[in-house]
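Thank you all for making the time.

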Amino acid sequence: MFSKFFPRDFNFFKLFEKQISYAVDAARFFREVVSQGCVNEDALSKMSAIEHQADDVAHTIIEQLNKTFITPIDREDIHALTMEIDDIVDMINTIVNRMRIYNITGVDKNLVEFAKVIEESVQAVARAVGGLRDIKNVKVVYDACVEVNRLENVGDSMRDKVLMELFATVKDPIAVIKWKDIYVDAETVLDVCEDVAHVVDSIMVKQA
Amino acid sequence: MFSKFFPRDFNFFKLFEKQISYAVDAARFFREVVSQGCVNEDALSKMSAIEHQADDVAHTIIEQLNKTFITPIDREDIHALTMEIDDIVDMINTIVNRMRIYNITGVDKNLVEFAKVIEESVQAVARAVGGLRDIKNVKVVYDACVEVNRLENVGDSMRDKVLMELFATVKDPIAVIKWKDIYVDAETVLDVCEDVAHVVDSIMVKQA
Amino acid sequence: MFSKFFPRDFNFFKLFEKQISYAVDAARFFREVVSQGCVNEDALSKMSAIEHQADDVAHTIIEQLNKTFITPIDREDIHALTMEIDDIVDMINTIVNRMRIYNITGVDKNLVEFAKVIEESVQAVARAVGGLRDIKNVKVVYDACVEVNRLENVGDSMRDKVLMELFATVKDPIAVIKWKDIYVDAETVLDVCEDVAHVVDSIMVKQA
């Protein structure tokens, strides 16, 4: 629908789809890493490679935005969407990096659980972003956004539960410091996914 | 004054007053909770109920904003004001939730002191927001904003003082982690109140 | 170039240069303080004085922005630039204050290293901001922004390295809490410098 009116701008949608696909890669890789319970140099450089690819797409979008006079969706929404998707990848990268800094080894079942919810949420965000191309997808986009919100609530409860458990059972203060940071970061990924869903939702509302 | 020109939009002011009234409720309830020194299930669900009511008003404001062509005050200011007031309630809710997660029991005189300053600040914010309806209230709004700024400075000093005391006297590292978070959160409520006051002030300046 | 068209607005540039000069003062003073390894009352009040001077310029800029109809650069860019420069000074002030609250004494070689990188970065930001006056400075501004980005990457690696060392070697949990906060804050100054560079860069792009 938008593409009829602004045929040459269709590539914003293509770029967003590319960018969110790297976020999906990051989330999948994160789940793999925490399931193996070890962040080695190889894992770090793979994660870093995904982050750089995502970064490149974000830069392309911003550059193109600065050069484009008429955009298929509001300029500030394009800007916000790119920045927020970038934040998803950054946040996942932050956790992997933190696991190395804290020398986390061994599989933590709570973190595996978080990684699964994160992967589901990023996939739902990808469906929402993918639906932006066409106003006919309004139902798909809406459902995906509702799912992202639901998973953010799931994450909130998980974080509260695991932190309660952490403070109630772990006696080593340095372990408390480490895991508190990691669980809070994990939940933050879901917050950022929700932020992306809000931007997508408001773009759809304006076009409806 | 605004209402003369945009009579049908007067309900934005009504909605802001409703929203800030829930922030006042949250602040009052927070003071009660910390004065009793115990966060039980009942307290949590009461706090959560206030937060949901505040959320509903925020959603109504954003929906109405999306549907309204001419707004009595700048669109971005309406958006910012709603979001910032929402942040007050969220932040208070975060502290109550944290007290449960950290299993805080017993009355802490520093936190009681913070809760009093928070309640005063939110009440001043409510006077500022309530004055937005009419440019004639410029003095009331201005005085309320000055008071919010003053209380933010009071909160800054309190936080520094209590953290200094905490690090100088408490030897249990896990207690240090818990109380550091709670005191920092408490001061953050006052920061958010100041943010609301800034938005209100800038709205008044533009209309003057 | 801008000043030809908007001669009366030239003082925005003058004000930005004034504001960033206080950030340079703050960074220099911070390096001096950490090189001496002691935050006494005298150091605190000097730091606080710099912060107030910087604040005053920020207020003047915002006031002038509210009164000016045609601005030499986009209103939102002027606003963003002032706020971000203010954040540099605030963040440096936060660290000095934290050092007092945590009763940090003695010279920490890592923090001295951070302080040097921070001073270099703020000086590069000052070159970028100083170049904004004239589109002919595009190369100077661009080079300065590249340098700020480079130093942010240097800071990221430093923070990761020193945190890894901290968690691997320090056994006192309260010392871990303190130094973790301080190193993270130090790196945050470099993040904020990068944010300023982004704003400056985007202003240049728009005018090119």
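What follows goes from a single chain, through its helix pairs, to the arrangement of the chains and the contacts between them.

Before anything else, please keep in mind that this is a predicted model, and that everything I describe is computed from it.

Let me begin with chain A on its own. How many helices and how many strands are there in chain A? The count comes to seven helices and zero strands, and if you read along the sequence, the pattern is α-α-α-α-α-α-α. The radius of gyration of chain A is 18 Å, which is close to the 17 Å that the globule rule gives for 208 residues, so chain A is as compact as a globular protein of that length. As for its outline, the C-alpha trace of chain A spans about 60 × 30 × 25 Å along its principal axes.

Helix H2, residues 11-36 of chain A, packs on helix H5, residues 109-131 of chain A, at an angle of about 170°, and the two axes are 9 Å apart. Angles over 145 degrees count as roughly antiparallel, and therefore H2(A) is roughly antiparallel to H5(A). The crossing of H2(A) and H5(A) is left-handed.

A second pair in chain A is helix H4, residues 75-101, with helix H7, residues 173-207, and here the packing angle is about 165°, with the axes 9 Å apart. That angle makes H4(A) roughly antiparallel to H7(A), and the crossing of H4(A) and H7(A) is left-handed. The contact of H4(A) with H7(A) has 16 nonpolar, two polar and seven charged residues.

Let us step back to the arrangement of the chains. What rotation superposes chain B on chain A? A rotation of 120°, with 0.0 Å of shift along its axis, does so with an RMSD of 0.0 Å, and that is the relation of a three-fold axis. In chain B, the C-alpha nearest the axis belongs to Pro173(B), which is 3.6 Å from it. Chain C can likewise be laid on chain A by a turn of 120° and a shift of 0.0 Å along the axis, again with an RMSD of 0.0 Å. Of the residues of chain C, Pro173(C) comes closest to the rotation axis, its C-alpha being at 3.6 Å.

Finally, the contacts between chains. Where chain B touches chain A, the contact takes eight residues from chain B and nine residues from chain A. On the chain B side, H4 and H7 each supply at least two residues, and the largest share, three residues, comes from H7(B). That side of chain B has five nonpolar, three polar and no charged residues.

Which helix gives the largest share of the side of chain C that touches chain A? The contact takes nine residues from chain C and eight residues from chain A, and on the chain C side H6 and H7 each supply at least two residues. The largest share of that side, five residues, comes from H6(C), and by class the side of chain C that touches chain A has eight nonpolar, no polar and one charged residues.

Notes
Residues are numbered from 1 along each chain as its sequence is written. Chains are lettered from A and ligands numbered from 1 in the order in which they are written. This is a predicted model: local features need pLDDT of at least 70, side-chain atom pairs count only at pLDDT 80 or more; totals for chains, interfaces and linings use all residues. Copies are superposed by least squares on the C-alpha atoms of residues with pLDDT of at least 70 in both. Two residues are in contact if their C-beta atoms, placed from the backbone, lie within 7 Å. Helices (H or I, at least four residues) and strands (E, at least two) are DSSP runs, numbered from the N terminus. Ala, Val, Leu, Ile, Met, Phe, Trp, Tyr, Cys and Pro count as nonpolar, Asp, Glu, Lys and Arg as charged, and the others, Gly among them, as polar. The radius of gyration is taken over C-alpha atoms; the globule rule is 2.2 Å times the number of residues to the power 0.38. Axes are lines fitted to C-alpha atoms, for helices over the stretch in contact, and angles run from 0 to 180 degrees between N-to-C directions. Angles under 35 degrees count as roughly parallel, over 145 as roughly antiparallel, 65 to 115 as roughly perpendicular and the rest as oblique. A crossing is left-handed if the near helix is turned anticlockwise from the far one by less than a right angle, and right-handed if clockwise.
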